[in-house]
Amino acid sequence: VLLKFQELHGDLYSEPCLICLDNIHVHASKNLLETFSCCGGFVCKSCALDVRESGVGLDKCPLCREVTDVKTAAENAAPLMRLAKRDVIWAQSNVGRCMIRGIRGFEKQAQTGLEWINKAAAQNYPSALYELSKIYRGEIASEVEKTEEKANELLLKAANLGYARANSDMVKMYF
(Lines give C-alpha, C1' and ligand atoms only; values in the text may rest on other atoms or scores of the structure.)
Protein backbone atom coordinates (compact mmCIF):
# COMPACT_ATOMS: atom_id res chain seq x y z
CA VAL A 1 0.00 0.00 0.00
CA LEU A 2 2.81 2.41 0.90
CA LEU A 3 4.57 1.78 -2.42
CA LYS A 4 1.36 2.49 -4.36
CA PHE A 5 0.85 5.65 -2.30
CA GLN A 6 4.43 6.75 -3.01
CA GLU A 7 3.90 6.12 -6.74
CA LEU A 8 0.85 8.38 -6.76
CA HIS A 9 1.89 11.11 -4.33
CA GLY A 10 5.63 10.81 -3.79
CA ASP A 11 7.52 9.86 -0.64
CA LEU A 12 6.07 10.71 2.75
CA TYR A 13 7.89 13.67 4.28
CA SER A 14 10.33 12.56 6.92
CA GLU A 15 13.08 14.04 9.05
CA PRO A 16 15.67 12.31 11.20
CA CYS A 17 15.18 11.91 14.94
CA LEU A 18 17.67 14.29 16.53
CA ILE A 19 18.96 11.53 18.83
CA CYS A 20 19.03 8.22 16.91
CA LEU A 21 18.89 9.73 13.39
CA ASP A 22 16.19 7.25 12.24
CA ASN A 23 13.77 8.81 9.77
CA ILE A 24 10.41 9.79 11.25
CA HIS A 25 7.36 10.42 9.05
CA VAL A 26 6.74 13.58 11.04
CA HIS A 27 3.36 14.41 9.53
CA ALA A 28 1.85 10.92 9.55
CA SER A 29 0.81 10.98 13.20
CA LYS A 30 1.51 12.98 16.33
CA ASN A 31 2.10 9.67 18.09
CA LEU A 32 5.40 9.11 16.26
CA LEU A 33 7.35 11.91 17.88
CA GLU A 34 7.80 14.00 20.99
CA THR A 35 8.08 17.75 20.35
CA PHE A 36 9.75 20.28 22.64
CA SER A 37 8.38 23.82 22.96
CA CYS A 38 11.66 25.15 24.33
CA CYS A 39 13.73 24.74 21.15
CA GLY A 40 11.22 23.47 18.58
CA GLY A 41 13.07 20.19 18.19
CA PHE A 42 11.65 16.70 18.26
CA VAL A 43 12.70 13.11 18.79
CA CYS A 44 11.05 9.80 17.95
CA LYS A 45 8.82 8.20 20.59
CA SER A 46 11.32 5.38 21.00
CA CYS A 47 14.10 7.78 22.01
CA ALA A 48 11.73 9.73 24.27
CA LEU A 49 10.79 6.46 25.99
CA ASP A 50 14.47 5.52 26.33
CA VAL A 51 15.22 8.89 27.94
CA ARG A 52 12.32 8.47 30.39
CA GLU A 53 13.30 4.89 31.28
CA SER A 54 16.96 5.81 31.73
CA GLY A 55 16.07 7.73 34.86
CA VAL A 56 17.13 11.01 33.28
CA GLY A 57 13.50 11.79 32.46
CA LEU A 58 12.17 14.54 30.25
CA ASP A 59 12.21 17.26 32.91
CA LYS A 60 14.98 18.81 30.78
CA CYS A 61 14.89 18.90 27.00
CA PRO A 62 17.32 16.27 25.67
CA LEU A 63 18.24 18.64 22.84
CA CYS A 64 18.78 22.07 24.42
CA ARG A 65 18.77 21.08 28.13
CA GLU A 66 16.20 23.72 29.06
CA VAL A 67 13.87 22.78 31.92
CA THR A 68 10.59 21.45 30.49
CA ASP A 69 8.79 20.90 33.81
CA VAL A 70 6.85 24.19 33.65
CA LYS A 71 4.18 24.70 36.30
CA THR A 72 1.33 26.73 34.76
CA ALA A 73 -0.51 26.59 31.45
CA ALA A 74 0.40 30.23 30.77
CA GLU A 75 4.10 29.42 31.23
CA ASN A 76 3.69 26.56 28.73
CA ALA A 77 1.96 28.85 26.22
CA ALA A 78 4.78 31.43 26.02
CA PRO A 79 7.49 29.22 24.44
CA LEU A 80 4.95 27.71 22.03
CA MET A 81 3.95 31.21 20.89
CA ARG A 82 7.64 32.16 20.45
CA LEU A 83 8.12 29.14 18.16
CA ALA A 84 4.99 29.97 16.18
CA LYS A 85 6.26 33.50 15.62
CA ARG A 86 9.55 32.00 14.36
CA ASP A 87 7.53 30.11 11.70
CA VAL A 88 7.81 26.63 13.21
CA ILE A 89 4.79 25.08 11.49
CA TRP A 90 3.87 22.50 14.13
CA ALA A 91 3.86 25.30 16.72
CA GLN A 92 1.68 27.51 14.49
CA SER A 93 -0.84 24.70 14.17
CA ASN A 94 -0.80 24.01 17.91
CA VAL A 95 -1.16 27.70 18.82
CA GLY A 96 -4.11 28.01 16.45
CA ARG A 97 -5.80 24.90 17.83
CA CYS A 98 -5.29 26.08 21.42
CA MET A 99 -6.56 29.60 20.70
CA ILE A 100 -9.69 28.35 18.97
CA ARG A 101 -10.53 26.18 21.96
CA GLY A 102 -9.11 28.45 24.68
CA ILE A 103 -6.93 25.71 26.19
CA ARG A 104 -3.35 25.12 27.43
CA GLY A 105 -2.84 28.67 28.69
CA PHE A 106 -4.25 30.47 25.64
CA GLU A 107 -7.24 32.81 25.75
CA LYS A 108 -10.10 31.79 23.51
CA GLN A 109 -9.56 33.86 20.35
CA ALA A 110 -11.13 31.94 17.49
CA GLN A 111 -10.27 34.42 14.71
CA THR A 112 -6.60 34.72 15.71
CA GLY A 113 -6.40 30.95 16.14
CA LEU A 114 -7.79 30.50 12.65
CA GLU A 115 -5.10 32.81 11.28
CA TRP A 116 -2.37 30.67 12.89
CA ILE A 117 -3.87 27.47 11.50
CA ASN A 118 -4.11 29.07 8.05
CA LYS A 119 -0.39 29.97 8.23
CA ALA A 120 0.51 26.34 8.91
CA ALA A 121 -1.96 25.06 6.30
CA ALA A 122 -0.47 27.42 3.69
CA GLN A 123 2.79 25.48 4.20
CA ASN A 124 0.91 22.18 3.64
CA TYR A 125 1.19 21.05 7.25
CA PRO A 126 -1.18 18.05 7.35
CA SER A 127 -2.35 18.54 10.94
CA ALA A 128 -3.38 22.13 10.14
CA LEU A 129 -5.12 21.04 6.93
CA TYR A 130 -7.03 18.44 8.95
CA GLU A 131 -7.96 21.01 11.59
CA LEU A 132 -9.18 23.41 8.89
CA SER A 133 -11.30 20.67 7.35
CA LYS A 134 -12.99 20.20 10.74
CA ILE A 135 -13.56 23.95 10.99
CA TYR A 136 -15.10 24.13 7.49
CA ARG A 137 -17.27 21.15 8.38
CA GLY A 138 -18.50 23.12 11.41
CA GLU A 139 -17.15 20.71 14.02
CA ILE A 140 -15.08 23.27 15.94
CA ALA A 141 -15.83 26.95 15.48
CA SER A 142 -18.15 28.99 13.35
CA GLU A 143 -15.53 31.53 12.26
CA VAL A 144 -15.79 30.50 8.61
CA GLU A 145 -18.73 29.68 6.41
CA LYS A 146 -19.57 26.00 6.66
CA THR A 147 -18.82 24.26 3.34
CA GLU A 148 -18.53 20.51 2.81
CA GLU A 149 -16.69 20.93 -0.50
CA LYS A 150 -13.82 22.93 1.05
CA ALA A 151 -13.76 20.62 4.09
CA ASN A 152 -13.46 17.53 1.87
CA GLU A 153 -10.74 19.16 -0.26
CA LEU A 154 -8.65 19.95 2.84
CA LEU A 155 -9.26 16.49 4.31
CA LEU A 156 -8.14 14.82 1.07
CA LYS A 157 -5.03 16.99 0.94
CA ALA A 158 -4.11 16.06 4.54
CA ALA A 159 -4.76 12.39 3.79
CA ASN A 160 -2.61 12.52 0.65
CA LEU A 161 0.22 13.97 2.74
CA GLY A 162 0.03 10.85 4.92
CA TYR A 163 -1.81 12.23 7.95
CA ALA A 164 -3.28 9.21 9.74
CA ARG A 165 -6.35 10.91 11.26
CA ALA A 166 -7.32 12.33 7.88
CA ASN A 167 -7.00 8.90 6.27
CA SER A 168 -9.16 7.45 9.04
CA ASP A 169 -11.84 10.10 8.46
CA MET A 170 -11.73 9.46 4.71
CA VAL A 171 -12.44 5.78 5.33
CA LYS A 172 -15.39 6.67 7.60
CA MET A 173 -16.82 8.92 4.89
CA TYR A 174 -16.88 6.16 2.31
CA PHE A 175 -17.83 3.16 4.44
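One definition comes first: a residue is buried under 20% relative accessible area, exposed over 50% and partly exposed in between, with a 1.4 Å probe and protein chains only. This is a predicted model, where local features need pLDDT of at least 70, side-chain atom pairs count only at pLDDT 80 or more, and totals for chains, interfaces and linings use all residues. Residues are numbered from 1 along each chain as its sequence is written, and side-chain values use heavy atoms, with hydrogens and water left out.

**Stop 1: Val67**

Select Val67. Is Val67 buried or partly exposed? Val67 counts as partly exposed, because its relative accessibility is 48%, between the 20% and 50% limits. Val67 sits in the loop between helix H2 (45-53) and helix H3 (73-85). Helices (H or I, at least four residues) and strands (E, at least two) are DSSP runs, numbered from the N terminus.

Now show what surrounds Val67. Setting aside neighbours within four places in sequence, Val67 contacts Asp59 and Lys60. Contact means heavy atoms within 4.5 Å.

**Stop 2: the whole chain**

Zoom out and colour by secondary structure. The chain has eight helices and four strands. Along the sequence the pattern runs α-β-β-β-β-α-α-α-α-α-α-α. Of the 175 residues, 42% count as buried. Among contacts between residues at least 6 apart in sequence, 44% join residues at least 24 apart.

**Stop 3: the cores**

Hide the surface and select Trp90, Ala91, Val95, Phe106, Leu132 and Ala166. These have the most contacts inside the largest nonpolar core, which has 34 residues. Which helices supply at least two residues each to this core? They are H3, H4 (89-101), H5 (110-122), H6 (126-137), H7 (148-160) and H8. H4 gives the most, with seven residues. A nonpolar core is a set of buried Ala, Val, Leu, Ile, Met, Phe, Trp, Tyr and Cys residues joined through side-chain atoms within 4.5 Å.

Keep Trp90 selected. Beyond residues up to four places away in sequence, Trp90 touches Thr35, Phe36, Ser37, Gly40, Leu80, Leu83 and Tyr125. Another core lies apart from the largest one. This other core has 11 residues, among them Leu33, Phe36, Cys38 and Val43.

**Stop 4: one aromatic pair**

Select Tyr130 and Tyr163. The whole structure holds one aromatic pair. The ring centres of Tyr130 and Tyr163 are 5.5 Å apart and the planes stand at 55 degrees, so the pair is tilted. Rings of Phe, Tyr and Trp (its six-membered ring) pair if their centres lie within 6.5 Å; planes under 30 degrees apart count as stacked, over 60 as edge-to-face and the rest as tilted. Tyr130 lies in helix H6 and Tyr163 in the loop between H7 and H8, so the pair ties together parts that are 33 residues apart in sequence. Both tyrosines are buried.

**Stop 5: salt bridges**

The structure holds six salt bridges. A salt bridge is a side-chain nitrogen of Lys or Arg within 4 Å of a carboxyl oxygen of Asp or Glu. Select Lys45 and Glu34, whose closest N and O atoms are 3.3 Å apart. Lys45 is in helix H2 and Glu34 in strand S3 (residues 33-35), 11 residues apart. Glu34 is buried, because its relative accessible area is 17%.

Arg52 lies in helix H2, 18 residues from Glu34.

Move to Arg97 and Glu131, which meet in a salt bridge at 3.2 Å, N to O. Arg97 lies in helix H4 and Glu131 in helix H6, so the pair ties together parts that are 34 residues apart in sequence. Arg97 is buried at 12% relative accessible area, and Glu131 is buried at 3%.
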